[in-house]
Amino acid sequence: MRPLPLTTPAVAPAEPAWSEARVTALADEDAFRLDDGRLARRAASCLLQPLPGDRVLVVALRGGECRIAHVLDRDAAAAACLSVAGAATLKLRAPVLALEAISRLALRSLGDAETSAAGNISLQGRNLFVTAADAFVQHAEHWVGRLGHALLEARQLFRLHGAHAIITAEKDVKIDGERISMG
């Protein structure tokens, strides 16, 4: 696919000229067709990805290039995507950063994902589901679990080992197997 030219055939202004326009179509990933026929790229500072139907603020530059500087209005029901035009990496940095969703929060990666902190990490929820396709590995100096009920099932080997191991019960301890070896 040939890249689309981003210059306007009309005479370029002597100074940057601001105007309002509507996005009519996406020309490519960050190029947009405007209702007056011009093609415009999104400025790096325009974090909201424009969509067809959006009313935008456009600046026509001296070389004839057009840039969408701001998305002014959009249909309230449309989804919004924040991104930086041409950026390979996006980093948010602040003393405190909070992501808040009213009904659902989804964090996804098509590659690796990492969560780390110099302090504590806290996960809280009504239910917690963890799925690993290949391996689930935990390393800790201390591991404490407080449960109402605990069920652990292994299809093959289940091994519990320590310098000291204590199994206690207030009522019954049942060990059942085809062969039981002790000692």
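Trainee: Which residue in strand 2 is the bridge partner of Leu 26?

Mentor: Phe 32 is the partner of Leu 26 in strand 2. This is a predicted model, where local features need pLDDT of at least 70 and side-chain atom pairs count only at pLDDT 80 or more, while totals for chains, interfaces and linings use all residues. Residues are numbered from 1 along each chain as its sequence is written, and side-chain values use heavy atoms, with hydrogens and water left out.

Trainee: In what sense do strand 1 and strand 2 pair?

Mentor: Strand 1, residues 17–28, pairs with strand 2 in the antiparallel sense over four bridges. Pairing needs at least two bridges found by DSSP; strands are DSSP runs of E, at least two residues, and helices are runs of H or I, at least four, numbered from the N terminus. The two strands form a hairpin with two residues between them.

Trainee: And over how many bridges do strand 2 and strand 3 pair?

Mentor: Three, also antiparallel. Ala 31 has Arg 41 as its bridge partner in strand 3. This hairpin has four residues between the strands, and Gly 37 there takes a positive phi near 95°.

Trainee: Switching to Arg 38: where is it?

Mentor: Arg 38 lies in the loop between strand 2 (31–34) and strand 3 (39–42).

Trainee: Buried or exposed?

Mentor: Arg 38 is buried, because its relative accessible area is 14%. Buried means under 20%, exposed over 50%, partly exposed in between (1.4 Å probe, protein chains only).

Trainee: Which side chains does the Arg 38 side chain make polar contacts with?

Mentor: The side chain of Ser 19 at 3.0 Å, and that of Asp 36 at 2.8 Å. A polar contact is an N or O pair within 3.5 Å; within protein, one atom must be able to donate a hydrogen and the other to accept it, and residues adjacent in sequence count only if both atoms are side-chain atoms.
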